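This report describes a ligand site and the elements of secondary structure around it. Please consult the sequence and the structure shown here alongside the text.

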Amino acid sequence: MPSLRLGNIAPDFEAETTAGPIKFHEWIGNSWAILFSHPGDFTPVCTTELGEVARRADDFAKRNVKLIGISANGLKDHNKWVEDINDFGAKYGPTNVEFPIIADEDRKISTLYDMLDEQDATNRDAKGLPFTIRTVFVVDPKKVIRLTIAYPASTGRNFDEILRVVDSLQLGDKHRITTPVNWNKGEDVIVHPSVANDEAKVLFPEVTFHKQPYLRTTPLKVSE
Ligand code: BEZ
């Protein structure tokens, strides 16, 4: 199947997870979801990532985002690994992996989501099988894929960046705005190109019209 693109409906699937069996779309419900894959259980970079995601649970919850990990191991390994993650992660603050991790031993879901990198020879396990690389899918409540990122096995993800994109997407869904380079929540945003100047003055009374006629910026007051 062709690779998944922004705007595609995230394929639905049934899976066994550390939190019991799930149907993906049903599990997402009216939330946003982040599906993120791992090269394997008991691996160092992944252990740091899962600990960090567990520590940041409140940051995801306040944005109405559910998280779900996946790696190509069975539930027995996942459950043992979660003990390690909580133990290691506790050094950096309270860690409790409460989000589900999908047991994808037969790589069915990893294949469905094109998470196996066949091209990169460094992304292979001891048996020569491609790892489920570090992919991230942000899915909105309509089950539409809104962000995909793929990192190599050797580089841990930056979850601040993933939260930053979620903030941008959620604000862009509510207001007619886009967000500039290196933007962070609370900073000025860009008026969407589809908004005419007269309308921009009404919608955004503090709008600034820059020398470039296509660039209009504005503060945006939003409640948390
Ligand atoms: C890791 O998570 O540390 C890792 C996994 C596979 C290859 C390289 C690193």
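## Terms and basis

A residue is called buried under 20% relative accessible area, exposed over 50%, and partly exposed in between, with a 1.4 Å probe and only the protein chains considered. The model is predicted, so local features need pLDDT of at least 70 and side-chain atom pairs count only at pLDDT 80 or more, whereas totals for chains, interfaces and linings use all residues. Residues are numbered from 1 along each chain as its sequence is written, and side-chain values use heavy atoms, with hydrogens and water left out.

## The ligand site

Pro 39, Thr 43, Pro 44, Val 45, Cys 46, Phe 131, Arg 134 and Ala 153 surround the ligand; a residue is near a molecule if one of its heavy atoms lies within 4 Å of it. By class, this shell has six nonpolar residues, one polar and one charged. In this scheme Ala, Val, Leu, Ile, Met, Phe, Trp, Tyr, Cys and Pro count as nonpolar, Asp, Glu, Lys and Arg as charged, and the others, Gly among them, as polar.

The protein covers 80% of the 260 Å² of accessible area that the ligand has on its own, by the Shrake-Rupley method with a 1.4 Å probe.

## Helix H2

Helix H2 (residues 44–55) supplies the largest share of the shell around the ligand, namely three residues. Helices (H or I, at least four residues) and strands (E, at least two) are DSSP runs, numbered from the N terminus. H2 has 12 residues and reaches 17 Å from its first C-alpha to its last, close to the 16 Å expected at 1.5 Å a residue; the expected span is 1.5 Å times one less than the number of residues. Buried residues in H2 include Cys 46, Thr 47, Glu 49 and Leu 50.

## Thr 135 in strand E6

Thr 135 is found in strand E6 (residues 134–139). Its relative accessibility is 5%, so Thr 135 counts as buried. The side chains of Thr 135 and Ser 37 are joined by a polar contact of 2.7 Å. A polar contact is a pair of N or O atoms within 3.5 Å; within protein, one must be able to donate a hydrogen and the other to accept it, and residues adjacent in sequence count only if both atoms are side-chain atoms.
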